[in-house]
Amino acid sequence: MADLTKEITKRRTFAIISHPDAGKTTLTEKFLLYGGAINTAGSVKGKANSKYAVSDWMEIEKERGISVTSSVLQFNYDDYCINILDTPGHQDFSEDTYRTLMAADSAVMVIDASKGVEAQTIKLFKVCVMRHIPIFTFINKMDLESRDPFELLDDIETVLGIRTCPINWPIGQGKGFKGVYDRDKKDVTMFKAVSVGGAKSAATTDYLVESEELKSEIGDILYDKLLEDIELLDGASDDFDQEKVDRGELSPVFFGSALTTFGVETFLQHFLKMTQSPLPRLSDEGVIEPTMDAFSGFVFKIQANMNKAHHDRIAFLRICSGKFDASKDVYHVQSGRKFKLSQPQQIMAQDRKVIEEAYAGDVIGVFDPGVFSIGDTITAPGKKFRYEGIPTFAPEHFCRLVQLDSMKRKQFNKGVTQLAQEGAIQIFQDYTLGLSEIIVGVVGVLQFDVLKYRLENEYGCDVRLEPLPYNYIRWVKDTSMDLNKLKRISDCKKVKDMNDNPLLLFANEWSIRLMLENNKDLELLEFRKN
Ligand code: G4P
């Protein structure tokens, strides 16, 4: 028991979120270097040296050079065992990213110092807020021309609506970037670029802020500016408050440069101290503590056909309590079945290895015998509680899916159903015509290409996708409502999901408002808790 608590308290499970190109992959890679999980930079995302990224599982990813799926990386650093949930970097793959955030206990938000808060960060941030998890900010690329740091903080506070607390502060930027001031230790770490290619840590020198050496190193102008900034920060910015950080109300902010390895280890060390070990999770039988003896977890992602020859599916399981022991049976609450999880594996930096045990906080991949759906709970036999479901996030693009070869109806149905189960797409049917008109909804348009590609390559079905002019979906709260009785509909399509729940697709927000004005007893929901 003591061992269980020890194992769990040393774990940290977090997701890294950012807009594409802000430096998420580079930062992740530097973390792995510090943890000794990889030896050379460039192996996580190896465009430059032609090694594929760890998460490049699918052909389409290789073809397009983007990361479609999320991967999970585990490594040790100091006395910590760290699980990083990497999220798809491309703007178009947000639905999986959303779900990955449901498995994390905290999030690291990487922001490009020249750009500030960008679109994808806003979307992902909203999910973190919904979950009230701690959010840490790493402002990256300080070695390049960047925006004023006060302006960047202001951007985070106004656009995202979270208070910030800078832990360190940059001196100069771009070519004139000199280093960072540590607000707690009151000293300055000088910037020295270390290029990629194996060097683990940037060679740095520390000076106390009042030292003459510092003044002569950075020059009078930057020195005076630093003293002014410190005064302003001490007077105007929020003090560090661990409880506010825990509740996701205050984001500790760090400045650095992932590519040159500057500020990365400091960030990692602070982050590990400020963040928590696996958090308790809510179930229909109340809060489940991670240190509870019995094993439990939930499925947050399903990845099909990782091995094309076998049409296999891997379910990603976030362990929420106790210890997973591969030799013991588990209970799948949703199906009421008891079985052993086949070939449980941990996704390491460069490969996957079969594991015998894992603890609360860890994420494991298991072969799905075809029974798992996203959000399902798996427990030790004897426990029957269910974890809170994973919300269905609203798709933003819709197409009519037309099958070109009607002889292959069976494969087509199987393919569409499996892909929907995986959660890569959402499928709907016309409200009146039913299954003779299938509508597919996705969060990002690239998912349409993935759907077409996979139906053709894995299920042998040729399909045509006809774009529909809708971008908003709303669930009808009263599921027994007859949508044919709605009044004055414009720019709207009535559909049902596969469980016959009624939904409406709209072209714009204006038509949603009009619909609500004309139908006073109609209540619409933006996302549905499963
Ligand atoms: P992402 O995962 O968030 O999409 O970003 P990624 O780490 O791939 O970084 C995007 C680009 O920005 C990469 O260059 C990377 O080398 C660069 N970069 C990341 N951090 C820093 C930094 O601190 N300073 C500077 N100057 N550049 C940084 P690329 O040329 O697009 O890709 P690559 O060919 O180097 O992989």
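Phenylalanine 14 and phenylalanine 31 are both buried, meaning under 20% relative accessible area with a 1.4 Å probe, protein chains only. This is a predicted model, where local features need pLDDT of at least 70 and side-chain atom pairs count only at pLDDT 80 or more. Residues are numbered from 1 along each chain, and side-chain values use heavy atoms.

The whole structure holds 18 aromatic pairs. Rings of Phe, Tyr and Trp (its six-membered ring) pair if their centres lie within 6.5 Å; planes under 30 degrees apart are stacked, over 60 edge-to-face, the rest tilted. Phenylalanine 14 and phenylalanine 31 form an edge-to-face pair, 6.3 Å centre to centre with 80 degrees between the planes. Phenylalanine 14 lies in strand S1 and phenylalanine 31 in helix H2, so the pair ties together parts 17 residues apart in sequence. Helices (H or I, at least four residues) and strands (E, at least two) are DSSP runs, numbered from the N terminus.

A second pair joins phenylalanine 150 and tryptophan 169. This pair is tilted, at 4.7 Å and 50 degrees. Phenylalanine 150 sits in helix H6 and tryptophan 169 in strand S7, 19 residues apart. Tryptophan 169 is buried, with a relative accessible area of 0%.

Now to helix H7. H7 runs over residues 212-236. Where is its kink centred? The kink, about 115 degrees, is centred on glycine 219. The bend is the angle between axes fitted to the seven residues ending at a residue and the seven starting there. Buried residues of H7 include Leu214, Tyr223 and Leu233.

Methods. The expected span of a helix is 1.5 Å times one less than its number of residues. Buried means under 20% relative accessible area, exposed over 50%, partly exposed in between (1.4 Å probe, protein chains only).
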